[in-house]
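Here's a quick briefing to read with the model open beside you. Let's take it topic by topic.

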Amino acid sequence: MNTTADQPVIEVADLYRTFGKRAVINHLSLEIYRGETLVIMGGSGCGKSTLLRHIIGVMKPTSGSIKIFGEETTAMNERELTGIRRRFGMLFQSGALLASLTVGENVALPLIEHTKLTPDEIEQVVKDKLEIVGLKGFERMKPAEISGGMKKRVGLARALALDPELLFSDEPTSGLDPIMTAVVDRLTLDLTRKRGMTAVVVTHDMTSAFRIATRMIMLGRGSIIAQGTPDEIRNCDNPEVQQFINGEADGPVPLNISQDEDHPHIAPRPLVTARGRFHNKTP
Amino acid sequence: MKNYLQLNLSLLYWVFIAPFKGQFFKLSPIIRQMVFIGVRAVPMVALTALTIGITLAMQSARSLQQLGAEIYVPNLVTVALLREMGPVLIAVIVIGRSGSAVAAELGTMKVSEEIEALEVMAINPVRFLIVPRFLAMLVMLPALIILGNYVGIFGGWLVCWLALDFNVAGFILGALESSDLWDLYSGVVKSVVFAWLVITIACNAGMHVEGGAEGVGQATTKSVVHGLLAMLVSNALLTVLFFFGR
């Protein structure tokens, strides 16, 4: 609300986060402006999802600052974050639908919790949102009864339920067929162009990325390797970027990026017959 | 442990403070959980209580017969059931059935990013997921234990009636004579404490699952083992407080 056109919607400054000894995000800074569609690309394990999780506030950085709508979120407690979170929508990689509720109830959930709409109005909004993602008439199904791609589209409908100013998508098109991918892309374009929504999209899908992006960022080893408009990225002479956007097996991008990754939450448990062989000796 | 205390504090906030700030909890999820935690456990609880009542009566009948004191069977059955056997064994059943289910359900939700999704939608997971389960357990475990007391005493009566030639009035008089209301109340107070421990331990285990299916399995086991231990230790402490301190 207090964001003007030239003030960034999201401002990440010198973000640094370690898991164990490994720096997953290494002094990263970026700014995202209103109406932009920023695509974040990068190989698996390069820190894309971790960056997204920091921006939405479910992970706290080791150091650095994140401002959303001009407000510093890293120092906020849960209750303060609630106010910010009502203004953005998030599409999770797996959809993250509540398995105990129906599709319709899932989409209705943010409306029931955060608005004073009557049940009839909520039903109408749910119908509309499901229709724009191509799932008209699926309200009464349970998430377990629909396919992975459908779950993702329901997740998108839920993320859009409150008409957010800001949408985060974690791989919105993986698991969708080419036609549905195009539909979801067009939806993203409509929302950003016509309603001025800002979108931050993490994706591996290069066709979709070049279709929707106004600006692209390529991450590697926790920092930004390249950034620019889709044309700049396409013509970028960085060999890592070229390897990634052309999908080549051989090139400068290291394949062993996640080998020395620490999993602080799970102590690796070797098979009995291979005891110690895969064990992390310096946890 | 720190997580557990945090969970209890935020639970207390959402149950006792938030309603006065205009954030009431919704009734329908609580009722749904009451049906799941309580109503569906009735057959198991009834069967458990019936077998406890019957075995208590048979064992005490054998011992008391040697003293020529079968007349005291109803007294023994009633007191043992109300004070100890009812609350403890029914809590065991509820831990095994509902505690583990709650831990597994919340753990699966955690693993499949559902809890994170709730947080991002600005819906507090404690309010949305734990408060209904907590309140449901707090109401239903004492209710199940009162039901179990009745069924267990009925089991004892079956033995007295079929094997020891008691008449109904004799049994009821014996039962009433030996026990006072405090025996019933102490069992109910215990059951409220058990309910609190069982559900918070199960929810805490579920909410802090890390990793995939393996983590969910570990959390489920943890909820049962820790739940049982906490319940038995608190039972011993409460027995000291109620029956030895006075």
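Which residue forms a salt bridge with A:Asp163 whose closest N and O atoms are 3.4 Å apart? That partner is A:Arg195. A salt bridge here is a side-chain nitrogen of Lys or Arg within 4 Å of a carboxyl oxygen of Asp or Glu.

Before going on, some ground rules. You're looking at a predicted model, where local features need pLDDT of at least 70 and side-chain atom pairs count only at pLDDT 80 or more, while totals for chains, interfaces and linings use all residues. Residues are numbered from 1 along each chain as its sequence is written, chains are lettered from A and ligands numbered from 1 in the order in which they are written, and side-chain values use heavy atoms, with hydrogens and water left out.

**Salt bridges around A:Asp163**

- Helices (H or I, at least four residues) and strands (E, at least two) are DSSP runs, numbered from the N terminus.
- A:Asp163 also forms a salt bridge with A:Lys129, and here the closest N and O atoms are 2.7 Å apart.
- A:Lys129 belongs to helix α4 (residues 119-132) of chain A, so this pair ties together parts that are 34 residues apart in sequence.
- How open are these residues? A:Asp163 is partly exposed at 46% relative accessible area, A:Lys129 is buried at 8%, and A:Arg195 is exposed at 54%. Buried means under 20% relative accessible area, exposed over 50%, and partly exposed in between (1.4 Å probe, protein chains only).

**Other salt bridges**

- Over all chains, the structure holds 17 salt bridges.
- A:Lys194 and A:Asp190 pair up too, at 3.6 Å from N to O. Both lie in helix α6 of chain A, 4 residues apart, which is about one turn of the helix.
- A:Lys194 is exposed, at 68% relative accessible area, whereas A:Asp190 is partly exposed at 32%.
- A network of salt bridges links A:Arg34, A:Arg87 and A:Glu165.

**Where chain A meets chain B**

- Chain A brings 25 residues to the contact and chain B brings 20. Contact means heavy atoms within 4.5 Å.
- Together the two chains bury about 2,000 Å², with 57% of it on carbon and sulfur atoms. Buried area is the accessible area (1.4 Å probe) that two parts lose on being put together, summed over both.
- On chain B, the residues losing the most area to chain A are B:Glu113, B:Val120 and B:Met121, together 29% of what that side buries.
- The rule finds 4 salt bridges across this interface. A:Glu113 forms a salt bridge with B:Arg127, with the closest N and O atoms 2.5 Å apart.
- In chain B, α5 (114-120), α6 (125-163) and α9 (213-244) each supply at least two residues of the side that touches chain A. The largest share, 6 residues, comes from α5(B).

**A buried spot in chain A**

- A:Thr50 is found in helix α1 (residues 48-55) of chain A, and at 13% relative accessibility it counts as buried.
- Leaving aside neighbours within four places in sequence, A:Thr50 is in contact with A:Phe19, A:Val24, A:Ile25 and A:Met59.
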